[in-house]
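Please keep the view open as you read, and follow the points one by one.

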Amino acid sequence: MTEFIFPRSIPLACALALAVLVVVGLILPDWAMFLATMAFSKGMVALGVVCLMRSGLVSFGQGLYYCIGAYASGLMATWIGISDIFLMSLLGIIASGIVAVIFGPLLATYRGIFFAMLTLSLSMILYGTLSKMSVLGGTDGLNVSAPTFLGYHPEGRALGLSLYMFTCAVIVVYGGLVRTLFDSERGLISLAIRDNELRVEYLGTSVRTEIAVTYIVAAIAGGIGGVISGAAIGHVDPEYAYWTTSGEFVFVAILSGYFSIPAVFLGSVVLEIVRSFSNLYFPNTWQMSLGIFLLIVILLFPKGLGSLLSRSKKPEKKQ
Amino acid sequence: MSATILTTENLNKSFGAVTAAREVSVAVPDGAVWSMIGSNGAGKTTFVNMVTGYIKPDTGRILFNGTDITKMSPRQITRLGIRRSFQIPQLCAELTMLENMLVSLSINRKHKPSYKRSARRPSQVDEAMDTLKRFRIENYHDRLMSELPAGVRKLLDIAMAISGTPRVMLLDEPTSGVAAEEKFPLMDLVMEALSKSNVTVMFVEHDMDIITRYSERVLAFYDGEIIANDAPDQVLSDKIVQQYITGTTK
Ligand SMILES: Nc1ncnc2c1ncn2[C@@H]1O[C@H](COP(=O)(O)OP(=O)(O)OP(=O)(O)O)[C@@H](O)[C@H]1O
Ligand SMILES: [Mg+2]
């Protein structure tokens, strides 16, 4: 199959990636830094979709956790005045984790279109509920005050830069953890589940547990993504859980494939760029340009952009 | 006389109007090598499916080492040490041969599979390669399943089932789909690999030469029922078996 071109040692690869991201951040103009922060936070959610995709499952409702993360931190900020990004992230992890622990084992018995539709309905239930609840701002949502960083209250460019740096640290750490998971025994079993569940059960391990755990890992990534997006935009609303939002995460996951983790964040950046520019030049038809773009990617790289970043160990031809 | 490792008591199973098992009772001694014969649809695979928990019998009990396993899942039964291979090999098509083997090893450790330990750590890769070597299929280790000849797939299917500490191995037609001249070499390899693990073997087979050569005892299935249970010579010369199964009336 494939082997990653980055250094085999995961901590080393992470340190390298972080260094590059930090240096890039220092020279980025403000608008691009915001774009990158948003792309990376959404990339976290897409990374969750990718985790599930490895086991052969597509979640069309990852917006559920994106929204839960955003609201959990947004509400705490409004209600008890927490603005520290570390605390907010922790809240996002706890909130999305709890919901995933409840739904994961239930959803883990479903496959294919049923799994996709159930994840979609859960997110739409949240969307509907939030839209109707005026205490939580209804369809208008709520504003999130600017985040602070362990007592540091940056403003202006420093605020954007701090949030960008925080986001980079988060994606590098979570990315490293997910890489470790993918390479682990369980990670290989996930790939096997995608291929042949019967065999995996007959080897003596529970497919359902495996999928439930993957679902929780994916949900937590989504929750953290929601916290960061909320803090970056300064606003959360029910749209976070809307099905088109979830669709974008699936889009990025397909765009990037499931072989390379950096590819997921790159894919997310590509989507944000395409979106910003299409919005600028073809405000009414940007979805169409997005569609055409995805079509081209699928035709050229059926295994996603990640297949460019990983070296394929093609089996040798028969003698 | 060694102890009985696997016992089935009056197993019955119907699928609608089809009766796939009728009062199936056997007691297999530890370390035995038995075979199962019977025409298509006689209930051989159903027997394997019931013993491994994939299908639950309508009535009857299955005991493994004295433990009632009738209601256990395939996963629990596998963990106890009853393994099987499949009539149609069950492999992971998008993984290479080595990766398939690594999946099997990762699952069959004393501890549960890890979220941290690399599946491709050198020690585990070596172990996987050693197992593949036992079956002489290691040259195909980097091939995908679609590129493997039928016999190699069969062997990989068995190699995967054997990891950990198997006690009973049920082989469902290990030589089907394999060219006639490869059947004996394949069975030799399988029996040699299994004898190292000292497991009780029950294999389904249509080839009477293989039955005679490799098994100590034969179960003859007909219409869900065991109509003969004896040494190969006895069973193969049985008039009823000849009439209904082997079709050789001398
Ligand atoms: N899951 C099932 N659902 C319905 N009918 C089944 C099922 N499994 C087996 N049968 C039926 O039970 C009977 C016995 O099937 P079984 O697969 O055990 O036969 P077999 O002896 O293995 O035959 P073969 O040599 O063709 O593999 C057949 O008539 C089959 O159609
Ligand atoms: Mg059969």
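The points below cover the numbering, the ligand site and the contact of two chains.

1. Before you start, note that this is a predicted model, in which local features need pLDDT of at least 70, side-chain atom pairs count only at pLDDT 80 or more, and totals for chains, interfaces and linings use all residues. Residues are numbered from 1 along each chain as its sequence is written, chains are lettered from A and ligands numbered from 1 in the order in which they are written, and side-chain values use heavy atoms, with hydrogens and water left out.

2. Let us begin with the ligand. Around ligand 1 there are 14 residues, and those that come nearest are B:G41, B:K44, B:T45, B:T46 and B:Q87. A residue is near a molecule if one of its heavy atoms lies within 4 Å of it. By class, this shell has four nonpolar, eight polar and two charged residues. Here Ala, Val, Leu, Ile, Met, Phe, Trp, Tyr, Cys and Pro count as nonpolar, Asp, Glu, Lys and Arg as charged, and the others, Gly among them, as polar.

3. Which parts of chain B supply the shell around ligand 1 with at least two residues each? They are strand 2 (18–29) and helix 1 (44–51). Helix 1 of chain B provides the largest share, three residues. Helices (H or I, at least four residues) and strands (E, at least two) are DSSP runs, numbered from the N terminus.

4. Now look at the oxygen atoms of the ligand. An oxygen atom of ligand 1 is 2.8 Å from a polar backbone atom of B:G41. For B:K44, an N or O atom in the side chain is 2.8 Å from an oxygen atom of ligand 1, while for the side chain of B:N40 the distance is 3.2 Å. On its own, ligand 1 has 620 Å² of accessible area (Shrake-Rupley method, 1.4 Å probe), and the protein covers 63% of it.

5. Next comes the interface. Chain B brings 39 residues to the contact and chain A brings 30, where contact means heavy atoms within 4.5 Å. About 3,300 Å² is buried between chain B and chain A, with carbon and sulfur atoms giving 56%. Buried area is the accessible area (1.4 Å probe) that two parts lose on being put together, summed over both.

6. How many salt bridges are there between chain B and chain A? The count is five, and B:R117 and A:E185 meet in a salt bridge through their side chains (3.0 Å, N to O). The term stands for a side-chain nitrogen of Lys or Arg within 4 Å of a carboxyl oxygen of Asp or Glu.

Terms used. Polar contact = N/O pair within 3.5 Å; in protein donor to acceptor, adjacent residues only side chain to side chain.
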